[in-house]
Structure formats: structure tokens, C-alpha cells
Amino acid sequence: MSEAADPAPQPPPGSDARVVVVTGASAGVGRAVARAFGARGASVALLARGRHGLERAAEEVRAAGGRAALPLEVDVADPEAVEAAAARVERELGPVDVWVNAAFTTVFAPAAEVTPQELKRATEVTYFGFVYGTQAALRRMRPRDRGTVVQVGSALAQRSVPLQAVYCGAKHAIQGYTASLRCELLHDRSRVRVTMAQLPGLNTPQFSWVRTRLPRHPRPVSPVYQPEVAARGVLYAADHPERREYWIGGSTVATLLAQRIAPGLLDRYLARTGYDSQQTDEPVDAARPANLWEPVDADPPHDHGAHGVFDDEAHPRSLQLWFSRHRRPLALGAAAAGTAAALADGLRRRSHR
């Protein structure tokens, strides 16, 4: 299946001139988000560790129509490197309008089998990387009193699953950090906005390079969506940051509603199904690479792109996302239909008097 970007939501007037920073932009969701902003004509700074993937991602941004693409090799777990990258972006591209935090790494394993070193490293990238990126953005946005930070989250930020304690813990932490920050911005009457996009299971390369101790190849929980679905949701969140968060994909909605209604029942369901549903039938290759400590695109040089190995089952669109983006006109339409029905019923009753 081609990785050509699906049509992105059209930006509000003037937003095609925005300067956008995307972390984790060399592959997966970050790659799809960077490409989608490029298709709008934005200037995109791409932050990630993998040089080869970054260069190819920058080429895609330019080919899609981006005004500029600035690839920067950055480990987001290094706050000084993130700050230096933000300063360079503003020197070369201009003031940052949108900052999208998407970089992460993790370990697939039972919680007791994760080493302290692995837990520390994954948390530094996945949680502190978001914090450092957000702080770098705020240092520039708050004095100007404008700008948007989009946190790329997950349904697992609110509903944990087995075998992903490292990732779920970091995403829960991001959720808590972002909620505190949102309150502070409201207190200060700041026009800087922060929002979060909660994603479903996605067909990204992470399942082929994540550190794992599972006996079989890791996989996303079905239904699986293409990363372009996530990208469209992230762009919509960047355009409409007044909402606290966005739930992207029908499975995200179902999971989060179930968590609110019957969390204990969901615990037992996931205990029974969560191991098999996160593994394929294929055994793990003992020689497979892992990107926990180093990027995996250098030796040999390889571009992993936005898509993983689950193209055959991944959905390219989400009906739920369409409804979410059009909920106001749908609500108005439903209200109008209700009013019309009430008027028709009133006329019918009068005609029978």
C-alpha cells in the first residue's frame, strides 16, 4: 500500500504559513504528521535521532508542498539539545506556531521483567521528551502570547493494558502534566493553547524495532489504523486547540468509555485477552534491532517510513474522526431536523382538530 498522504483537513485562513515543530518525525505518526503539515505549505522542523529517516522525511515534506523542511538530529531526552534545536528553528524558519510532541520509545514485556535501565531510558524519551519539548515551546510562545502545543497521546494514556506498563506509565504521566499546564495557562489568561490527541492502535514501524521480551512479534491491538488517520486528527487538534483532547478512532472511544463505565470488568477482560491480542503468530527474531538506545536506520542505512508491517489490515480512514470533526454541523442538523419534526407534528395535530 502506498504511503502517499491522505488529504489533510484544510487549515484556517493563513495557517499554511505556520512554523511547525514535530518530534519523532523520522518515522511512524511523527513522519505522517510532518508530511501532512508539509502538504498544507507549512514550514516544518523535524526532530528525531535517525539521520537517514530524517532526511527522507524532509524530502517528503518538500515534495508535498512544504515551504521549508529543517531536519535536526535530536535526542528528546536531552533537554539542552531540545532547547538548542528550538533556538535553531526560530533562527532559520521563524517563530514557532505549533509544536507537536510525538517521539517515544518503549519496552514490550511484563512489568517485572523490565530492567531499571530500560525503564529509565524509555521514560526519559517518552515522558520527559514531551516535557522538554513543551517547555522549549512555552519559552517562545508565552512571551508572544500565542501558539499551540499538541501532545500525541493514546487511549493507553487513560486505560492501561498488560505488557505495556512502561508506555502506559509514561502516557499517563503526560496526561497529568498536560492537565496541570492547561490550568496554569487558564490562570494566566494566556492565549497559548495545549491539547492532546488520544490515538488508537496504529500501523507504525515501532512493532518491528521496539525492545521486546515477548515470545512472538508485537502488534497493535485491533482494529488497526494507518498513521495518516492519526495525522489528520493531530492537524485538526492543532487547528482547534480549544478542546482539551481528541479521541481518534472508534476503538479509542470504545476503550475510554468502557474505562469510565466498568474499569474492573475491563481489567479482567484485558487480563484474559491482552497477551494474545498484542502478538502475532510469528516468533520474535533474536537478531531484530531495537531502538531503545540508538536509532535503527543507520546500519545499514534504511528508511522505515510511516507505515509498519500491518498494511493488509490497517484502515485508511476513521468514521469516528469524521464525526468528531463535523460534530457542530451534525448537531445543528440534528437540532434542525428535530425542530422540523416538532413543527410537522404540531401541524398534523392541528389539522385533526
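**Close-up views of a predicted model**

Residues are numbered from 1 along each chain as its sequence is written, and side-chain values use heavy atoms, with hydrogens and water left out.

View 1. Glutamate 59 pairs with arginine 56 in a salt bridge whose closest N and O atoms are 2.5 Å apart; both residues belong to helix α2 (residues 51-64) and are three residues apart, about one turn of the helix. Helices (H or I, at least four residues) and strands (E, at least two) are DSSP runs, numbered from the N terminus. Arginine 56 also meets aspartate 303 in a salt bridge (3.8 Å, N to O), a pair that links distant parts of the chain, since aspartate 303 lies in the loop between β11 (279-283) and α10 (319-325), 247 residues from arginine 56.

**View 2. A bridge between helices α3 and α4.** The closest N and O atoms of glutamate 90 and arginine 144 are 2.8 Å apart in a salt bridge. Glutamate 90 lies in helix α3 (residues 79-92) and arginine 144 in helix α4 (residues 116-144), so the pair ties together parts that are 54 residues apart in sequence. Glutamate 90, with a relative accessible area of 21%, is partly exposed, and arginine 144 is likewise classed as partly exposed, at 27%.

View 3. Glycine 249 is found in the loop between β10 (245-247) and α8 (250-261), and counts as buried because its relative accessible area is 0%. Proline 223, 26 residues from glycine 249 in sequence, is 9.0 Å from it in space, C-alpha to C-alpha.

View 4. The structure holds zero disulfides, a disulfide being a pair of cysteine sulfur atoms within 2.5 Å. Cysteine 168 is buried, with a relative accessible area of 3%, whereas cysteine 183 is exposed, at 52% relative accessibility.

Note on methods
Predicted model: local features only at pLDDT ≥ 70, side-chain atom pairs only at ≥ 80, totals over all residues. Buried < 20%, exposed > 50% of the residue type's maximum accessible area, 1.4 Å probe, protein only. Salt bridge = Lys/Arg side-chain N within 4 Å of Asp/Glu carboxyl O.
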